[in-house]
Amino acid sequence: MADDKPAKRYPQNLQGVLRLAVDAGSAAEGHEPVEPMSEERKLWLREALAEVCKGQMDEVEKIKQCLAVLRQEGMSEAAREGDDEKDGDDRETAFEILSELCENLDNARDLMTLGGLQLCTSHYLCHAQSGLRWRAAQLIASSAQNMPEVQVHLFTIGALPKLLQLTDSDPDPTVRVKALYAVSCLIREQEAVLQAFLSHDGVSVLMRAMQSDIEKLRTKSAFLLVNLLTSHPEQKDPAVSMGMVQQLVSILRTPHSPLHEHVLGALCCLVEDCPQGLKDCKNPALGLKELLRQRSGELQGKEESQEELDFCERMRLLCFHGQQLDDNGMDR
C-alpha cells in the first residue's frame, strides 16, 4: 500500500536546502526508501537556490555600495566643504558594514577582487582621521583571518609595514590595538609573511608594545610573542640576543596585571632548549629567583591566577632547581 503521509516541507532558504541534502543522503544510505524527486520538490529546490544566490548577490552589492562611499574621498575639496563630519560618519558606517560582511570568507574574497583592500592599505591606513584608520585596520583583520589568499594579497600590496608602523607609533590607542590585531591575522600560518615581519624588526615592535601604557596593546603583544616563540623556536636565540630576557623581567617588576601571565609564558619559552636564555635568567644580577619566589607567594590560593602561578613554578624548576630558598629568600 502506498504511503499516504504528506510530503515533508522545507523552509525556502539555505538551511532548507541543506536539510533536504542531509535527508536525501540518509535515504541513499538505506535509512528510507529512495523516491524520485517530484516536480513540486524540483520547483522548490530551484526557487530556494535562487534565493540563496540572490542573498549572496545582495551582499556583493552591499560591498560595492560601501566601497562607493569610501571612494568619495577623492572628490574635490570644494564639493566636500561643510560635509566632512557627515562624510566621516558615512565612511565609518561603511567600514563597519564591510567588517561584518567580511567575516564570511567569500565576501572577503569579493572585497579583495573589487579593490577594497587596496583602498584600505593605500589610503585609509594613513588617513588623518583616527576613526577611519582603526576601522581600516579592523577590516583588514576581518578579511585576512583564516584566508590565505587574502593574506598573500595584503602582503603583496604592502600592508604589513604600514600596520607595524601604526602599532609602533600611532598617537591613537585604538589604532595601535587594531593594527596589531591585523598584523597577527596577516602572519598567521603564512611563513613568507612571518619572515617579512621578522625582517621589519617585528619582535622589537612587540617588545615596545608590551612596555606601552595601553593595557590591551600590552596583553595582545605579549600573547602574540608567546605564540611566535612557541611555533618558531628558532627565533628564541635572536630574541635573547637582543636582550629580551632582561626586558621581560623588567616588565614583571611593574604593578601586577594580566599581562604578567603572558610575560612569564614568554620567559618559559626562552629558557627551554635555549642555553643562553637559561643563562640570562639565572644571572644573579637579574634577581629573578627572588622575584619568582615573591610572586608565587602572592598568587597562592588565587584560582583566577592559577596559570600564572604554574608559569612561576615552572620557571623556578627550570632555572633554580636544587636551589631552595628559606622564608627570607636566602639560599640554604
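Student: A pocket is an open set of points, on a 1 Å grid over the protein atoms alone, where a 1.4 Å probe fits and protein lies on both sides within 12 Å along at least five of seven lines; what volume does the second largest pocket have?
Tutor: Please keep in mind that this is a predicted model, in which local features need pLDDT of at least 70 and side-chain atom pairs count only at pLDDT 80 or more, while totals for chains, interfaces and linings use all residues. Residues are numbered from 1 along each chain as its sequence is written, and side-chain values use heavy atoms, with hydrogens and water left out. A volume is the space filled by probe spheres set on the grid points, which are joined across faces, edges and corners. For the second largest pocket, this volume is about 330 Å³.

Student: Which helix gives the most residues to the lining of the second largest pocket?
Tutor: Lining residues have an atom within 4 Å of a grid point, and this pocket has 16 of them, with Ser184, Ile187, Arg188, Leu224 and Asn227 lying nearest its centre. Two or more lining residues come from each of helix 10 (173-187), helix 11 (191-199) and helix 13 (215-231), where a helix is a DSSP run of H or I with at least four residues, numbered from the N terminus. The greatest contribution is six residues, and they come from helix 13.

Student: How many residues of that lining are nonpolar?
Tutor: Ala, Val, Leu, Ile, Met, Phe, Trp, Tyr, Cys and Pro count as nonpolar, Asp, Glu, Lys and Arg as charged, and the others, Gly among them, as polar. On this scheme the lining of the second largest pocket has four charged and five polar residues, and its nonpolar residues number seven.

Student: Is Leu224 buried or exposed?
Tutor: Leu224 lies in helix 13, and, leaving aside neighbours within four places in sequence, this leucine is in contact (heavy atoms within 4.5 Å) with Leu180, Ser184, Ile187 and Leu206. A residue is called buried under 20% relative accessible area, exposed over 50% and partly exposed in between, using a 1.4 Å probe and protein chains only. Because the relative accessible area of Leu224 is 11%, this residue is buried.

Student: Where does Gln235 lie, and is this residue buried or exposed?
Tutor: Gln235 sits in the loop between helix 13 and helix 14 (236-241). Beyond its neighbours within four places in sequence, Gln235 is in contact with Leu198 and Leu229. Its relative accessibility is 14%, and therefore Gln235 counts as buried.

Student: What relative accessible area does Glu189 have?
Tutor: Glu189 is found in the loop between helix 10 and helix 11, and this residue has a positive phi of about 55° although it is not a glycine. Glu189 is exposed, with a relative accessible area of 79%.

Student: What phi does Asn146 have?
Tutor: Asn146 belongs to the loop between helix 7 (130-144) and helix 8 (148-156), and this residue is exposed, at 57% relative accessible area. Although Asn146 is not a glycine, its phi is positive, at about 60°.

Student: How many residues does the largest nonpolar core have?
Tutor: A nonpolar core joins buried Ala, Val, Leu, Ile, Met, Phe, Trp, Tyr and Cys residues through side-chain atoms within 4.5 Å. Among the residues with the most contacts inside the largest one is Leu163, which, apart from neighbours within four places in sequence, is in contact with residues including Leu125, Ile140 and Val183. The number of residues in this core is 91.
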